[in-house]
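Dear colleague,

Please find below the structure that I am handing over to you.

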Amino acid sequence: MGVRRWIRAWPVYRQLTGPDPLGRGKAAESARSAGLVPRTERADRVVDSVCPYCAVGCAQRVFVREEPHEHVVQIEGNPNSPISRGRLCPKGAASKQLVTGPQRVQKVRYRPPYGTGWQDLDLDTAMDMVVDRVLEARRKGWQDRDAKGRTLRRTMGIASLGGATLDNEENYLIKKLFTALGALQVENQARI
Amino acid sequence: MGSNMAEAHPVGFQWVMEAKARGARVVHIDPRFTRTSALADQHVTLRAGTDIAFLGGVINHILTNDLSFREYVQAYTNASCLVGERFEDTEDLDGLFSGYDPRTASYDASSWAYESVPVEERPGGRAKEQAAPYQHGSGGPPMEGGAQGIARDLSLEHPRCVYQVLKRHFSRYTPEMVERICGVPQDLFLDVCRAWTANSGRERTAALVYSVGWTQHTVGAQYIRAGSIIQLLLGNVGRPGGGVFALRGHASIQGSTDIPTLFNLLPGYLPMPDVTHESLAAYLDGVRRPGQKGFWGNADAYTISLLKEYWGENATEENDYCFDYMPRIDGDHGTYRTAMDMVDGKVFGYFLLGQNPAVGSAHGRLQRLGMANLDWLVVRDLTMIESATFWKDAPETETGEIVAQQCRTEVFFFPAASHVEKSGTFTQTQRMLQWRDQAVEPVGDQRSELWFFHQLGLRLRRRLAGSTDERDRPLLDLAWDYASEDGEPSAADVLRHINGIDLRTGRTVGGYTELKADGSTACGCWIYSGVYADEVNQARRRKSRFDTGPYDAEWGWTWPMNRRVLYNRASADPQGRPWSERKALVWWDAERGEWTGHDTPDFERTKPPDHVPPAGSSGPAALRGDDAFIMMSDGKGWLFAPAGLADGPLPTHYEPHESPVRNLLYGQQASPVRKVYGRPDNPSNPAPPEAHGEVFPYVFTAARLTEHHTAGGMSRQLPYLAELQPELFVEVSPELAAERGLTHLGRAHVITSRTAVEARVVVTDRMAPLHIDGRVVHQVWMPYHWGQVGLTTGDVVNDLIGVVADPNVFIQESKVLTCDIRPGGRPRGSDLVDYVEDYRRRAGITPWTGVRIVTAGGHDGPGHTEGDPWEGPS
């Protein structure tokens, strides 16, 4: 590094000679900072999404990088949205942590009756175990007719709660499948 | 009102600020002073649970001073309709309407009907047990003969016309009474009245915003009715800048009501069949009545198209389109009833799908004890939540009431895919569907609900293949063949089927008007019909706001038919001209013979404003050219509800279930039809005229923070958010702090008859003491996001709340109750149980407390308990 470059690297020099006399901007920038690039610039793809928290429906842009493996590098507001004009609240702005944080569970967990801890369970096995239990609970709670002989055709053995953070398409299949099973205690945050 | 928009819906609040910058006046009416209050022109503190008294005062002010938008009211509301002679008002019956049955605590609403409309006696017990009013989410209740002439007096002078009935009903809601009940000084109240009326009418409109501060009450639906009456009287419905805005709290809570996971609804607000519906014809008769006006008249097309989507080719005219495959409801199967049934051992398996009732539902203890008494529990979520781990770390493990080695519930935790790991639509709070593209693949066992339920269906059908059991037919005959993308069912294809398909061509229909009752169309949700018109995913549209007009018609898609303002025919006068140029939205173009404007007209496009239907028409054909409310059975906006509500045709001020004061307006203390569950494990704090209310002297309310999300599963685990709001706290006024010896930033605990929870104290002027009828009433507020799992943990505030509900919709009263507050931490371990027991003993609480619900006219009504509850203090 030459003497001139060395002197220019000195923030006070840049404060005195440049457009940033108070040293609150460019004059204080280190070589490392100068070389930084926003994560969004290095994204391979930008995907249109919507914030998953409240019901305002702020538009999000999800920045995805393919290397070394497909992953989300940043989530930002979409300025084109007539609803949110690019803004996100603290929750929406934190949604990259929601999606990529270590709190996300990746494997099925199983707690047997009277168990004191979680166990591993294969997804395929778990699905089949749920099938067994659904059919058994359905059978135990089945009601063909009421005391007056009117059709019930239902089970009171199975209940469900959820849906307000799920997609319309998912709720559609949930209601359809439970209805076909005869399960009607299907409920939602909208009741709460 | 009942909304802290700046903190709970901050990005939406930018539009309020934008309006304020352009000269709009912003008024915030809420028990708490919040950031919304700080940014408003005016904040009015009122006692939690008294909004109807306040709103009734505004209605009285409008009617007494003749400040309504007369031409709008005459043309578009039912103000002129005559109510039958049998109707008796709360003025006549000390707070009850005619038709009350104290035994079932419900109304036979037949005496509320219009004079000229035929009605049969309708005991209200069944409707109340099924939350039947919830089924009117996209239109009005059925009413026979709504299309025929309803007796009217257009001069609005007849003593039995709705306008005069309204005037009499609200005559007691004077500024003095508002001050005594709500604690709002008269000058402040009149200032709000003047602001509201001065900013309404031909040239100006006012918007009303509410949130769960209005819905979570035993009279929540009537809060909204009261607001709607004001907006109708002032001409603020269907017009730009007007409206009643429900700010909902979850990304797709609107969608999950439209396409419900709710026990009493099918998609598009079609009611779930009940035991009286032995055939499709009987069901349809209950949905729409002969000779009724409006688009509910086509409910047969919507229902048959749904059955065709459910059971495909197996649904034929000969077999009633498989209507008999539907399970039937016959009572309350709501989430709180179900939790109690779990405690009672009647439910065996439970699915939790992105929901955390151990923290997020009222009476968390009841929820957890219910879950601890199941055969099995499936939890699907992004992270470990309290509802998955209750067997090892619930508050009841501390008191010894839940012990892992003795808890039999088998728990499956399935990790879920996040919003960026799947594609699909959310419906936001103004009915707009917005599609999300999938950004990345989920990892490990993480799956979408779409995958999970599709798989579950496939596996169940495989297991049952060849079954001859009649009970398995609905599952085996189900249309379950959605297109797949990489082994996942295609969300786009599911949305296509929700939109509806013309089965003759295989192409998507353009909208609900194309649906048929002859089995030639299949449609999963009629109000969403049009979202996939022309085989294009309209919800995926993203035309930038920089390239489009103020109504942004090409960003997403809004139900119904991409209309951004509902009932916008009312933005034009009866002749079809805008009420004023500055408030023009849609209007009649006589030259082209069609409705046109800035928004999609919410009216038949070519029906002229002077259209008079031929005698004998019904359904949409019976709508006149000036019937702006096209989903209502008489085409009018309802000031008075002659049918459809469980708790009365007009909003009436009742005190909350738990209140420190007597109702000053009527002998009837609280809602006479509120839904109570009198059981030893669901105690109530006493309220007047019951004795010992002084044991719980303060008003309690709970709400959200900006930095956390409901039960915390999506926020307490995130480092940024946990750092921004690191601890549970309780806000009290300096006066209450002095009264109870509480110190700022010290510890305190709040007690109800359910439990005690501990928090850090924040002493603040934001919680102002109120002067209620000559005495001081203190209010206490807590955020409710905490539980025992996450980066920030704390007591579950919802454990303080008991279960008592609005009879229309079964939403619990969690926005107002009574409590005590004491300095220092709460007792730990089994001492907590003894401590709360001592409070119950001092307050004389039994399963009968709070459930003798008739207090009008000095009655001593029956107690509404479950079976034969154990006697004595619980």
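This is a predicted model: local features need pLDDT of at least 70, side-chain atom pairs count only at pLDDT 80 or more; totals for chains, interfaces and linings use all residues.

Residues are numbered from 1 along each chain as its sequence is written, and chains are lettered from A and ligands numbered from 1 in the order in which they are written.

B:Arg564 sits in the loop between β19 (557-558) and β20 (586-589) of chain B; strands are DSSP runs of E of at least two residues, and helices runs of H or I of at least four, numbered from the N terminus. Beyond its neighbours within four places in sequence, B:Arg564 is in contact with B:Tyr551, B:Thr558 and B:Asp599, contact meaning C-beta atoms, placed from the backbone, within 7 Å.

The contact between the chains takes 98 residues from chain A and 129 from chain B. Helix α20 (residues 449-464) of chain B supplies ten residues, the largest share of the side of chain B that touches chain A.

Strand β7 (residues 151-162) of chain A and strand β9 (residues 349-353) of chain B run parallel and are joined by five bridges; strands pair if DSSP finds at least two bridges between them. Within this pairing, A:Leu161 stands opposite B:Leu352.

Yours sincerely

Note on methods. Two residues are in contact if their C-beta atoms, placed from the backbone, lie within 7 Å.
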